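Q: Hey, I've got a structure open and I'd like to talk it through. Can we start with some ring residues and then go wherever that leads?

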Amino acid sequence: MTVLSLSTKQKYGTLLGPNSAFIPGHYESIATVTVGSGQAASIDFTSIPTTYQHLQVRGMVRQGGAGTGLSNLVFRFNADPLTNGDTSSSNYVGQYFYGNGTSQGAGISNRNYCSDNVNGTATTNTFATFVMDIYDYQDTNKYRFFRCLSGCDLNNGGEVTMWSGFWKNTNALNQLTFYPDNGNFVQYSHVSLYGIKVVA
Amino acid sequence: MALTYEPIATTTLSSATNSVSFTSIPSTYTDLILVCTNVKFTNSAEAGRIQFNSDTGTNYSNVALGGNGTSVSTSKQINVSSGRVMGAFVGPSTTQPETTTIQINDYSNTTTNKTYLSRFNGAGTEVNANVGLWRSTSAINQVTLITTAGNFTSGSVFTLFGIQAS
């Protein structure tokens, strides 16, 4: 079979003509939220598609609340707890392991924390960064599990933390919300949600 | 949905060297991921380190957390001329290949300092996590990995990926 390209006026032995094959990727951008000058009380991802196997969240955040050091980033799945900013939900449990350059430690969190965060009067223009993985987010046979690597360095003050935890609920995840535990997200904070497919 | 996560460049060392650079990094991505595999060192005395945009000033700082099978350690460095990304405590291996993944989020913005995360995996030495700060609001267009003692050995592989958010 011969195909005549209307653009190159040349003949090709494939329907692709002079074009390379389109190979669909397995890591796709779903949505991004970037905080503007007005700050934001939360960063929300709603109606998360069901077409992926896993989710990854990548971001950098800073909060406007008073304080010079580090704080925590709070999250919730499917609007549980109902109130934004609520860190008292008993539906989450997790482990964390951290080092701050002077001391290290580990603990169990019964709160819905997932990452380091930076307080409002810490080193200017410095943000915490994190990469969070949420596996099998639609599997209704098990709890929703996540892990996260996060950290922030303030040039003499900072912390790197590994987190792992789960939401004690088997519902498919369709909504993900992040909020600070002190004040609002400041301008330039941004969080991106990605979906990862597996080969059928 | 936007497709993303693309390889930008790969370097496989054909001879030992103490520096590997990725230059002219396009600004079209949101985040960078630098994956270092099959990496061995000719000297175990020093960690692998990172610099951005050829900046050798004392504009870097970092915090490390690591374990070596016996103990857990943390340490920090401030106002140093490069950031630590590999082998923070025991030092890297001269015999066993090791892997490191470095995450540089929002690398091209021009309003914030740049923070990176790294995870070093040395099966025969240590595992560690690092967070580092480069106190510059410049967009990152060059990433350089260095050793300050010895070299990366021949066969070490360094691949830079870009992730683009929608």
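This is a predicted model: local features need pLDDT of at least 70, side-chain atom pairs count only at pLDDT 80 or more; totals for chains, interfaces and linings use all residues.

Q: How are the rings of A:Y96 and A:W163 arranged?

A: Their centres are 5.9 Å apart and the planes meet at 45°, so this pair is tilted. A:Y96 sits in strand β7 of chain A and A:W163 in strand β12 of chain A, so the pair ties together parts 67 residues apart in sequence.

Q: How many aromatic pairs are there over all chains?

A: The count is 20. One of them is A:Y27 with B:Y5, an edge-to-face pair with 4.7 Å from centre to centre and 90° between the planes. That pair crosses between chains: A:Y27 is in strand β3 of chain A, while B:Y5 is in the loop between β1 (2-3) and β2 (6-12) of chain B.

Q: Which residues do ring pairs link into a cluster?

A: A:F75, A:F77, A:Y92, A:F146 and A:W167.

Q: New topic. How many residues of chain A and chain B are in contact?

A: 45 residues of chain A are in contact with 44 of chain B. The area buried between the two chains is about 3400 Å², and carbon and sulfur atoms give 62% of that.

Q: Which three residues supply more of chain A's buried area than any other three?

A: A:R58, A:D153 and A:N155, with 18% of what chain A buries against chain B. A:R58 also forms a salt bridge with B:D31, where the closest N and O atoms are 2.7 Å apart.

Q: What's the salt bridge count between the chains?

A: Between chain A and chain B it's 1. For polar contacts, there are 23 residue pairs across the interface.

Q: What classes of residue make up chain A's side?

A: The side of chain A that touches chain B has 20 nonpolar, 21 polar and 4 charged residues.

Q: Last one: where is B:T30?

A: B:T30 lies in the loop between β3 (19-22) and β4 (31-39) of chain B. At 15% relative accessibility it counts as buried, because the cut-off is under 20%. B:T30 touches residues of chain A, including A:H190 and A:Y194, and residues of chain B, among them B:N105 and B:I163. A polar atom of the B:T30 side chain also lies 2.9 Å from the backbone nitrogen of B:A165.

Key:
Residues are numbered from 1 along each chain as its sequence is written. Chains are lettered from A and ligands numbered from 1 in the order in which they are written. Side-chain values use heavy atoms; hydrogens and water are left out. Contact means heavy atoms within 4.5 Å. Buried area is the accessible area (1.4 Å probe) that two parts lose on being put together, summed over both. A salt bridge is a side-chain nitrogen of Lys or Arg within 4 Å of a carboxyl oxygen of Asp or Glu. A polar contact is a pair of N or O atoms within 3.5 Å; within protein, one must be able to donate a hydrogen and the other to accept it, and residues adjacent in sequence count only if both atoms are side-chain atoms. Ala, Val, Leu, Ile, Met, Phe, Trp, Tyr, Cys and Pro count as nonpolar, Asp, Glu, Lys and Arg as charged, and the others, Gly among them, as polar. Helices (H or I, at least four residues) and strands (E, at least two) are DSSP runs, numbered from the N terminus. Buried means under 20% relative accessible area, exposed over 50%, partly exposed in between (1.4 Å probe, protein chains only). Rings of Phe, Tyr and Trp (its six-membered ring) pair if their centres lie within 6.5 Å; planes under 30 degrees apart count as stacked, over 60 as edge-to-face and the rest as tilted. Lists of a residue's contacts leave out its neighbours within four places in sequence.
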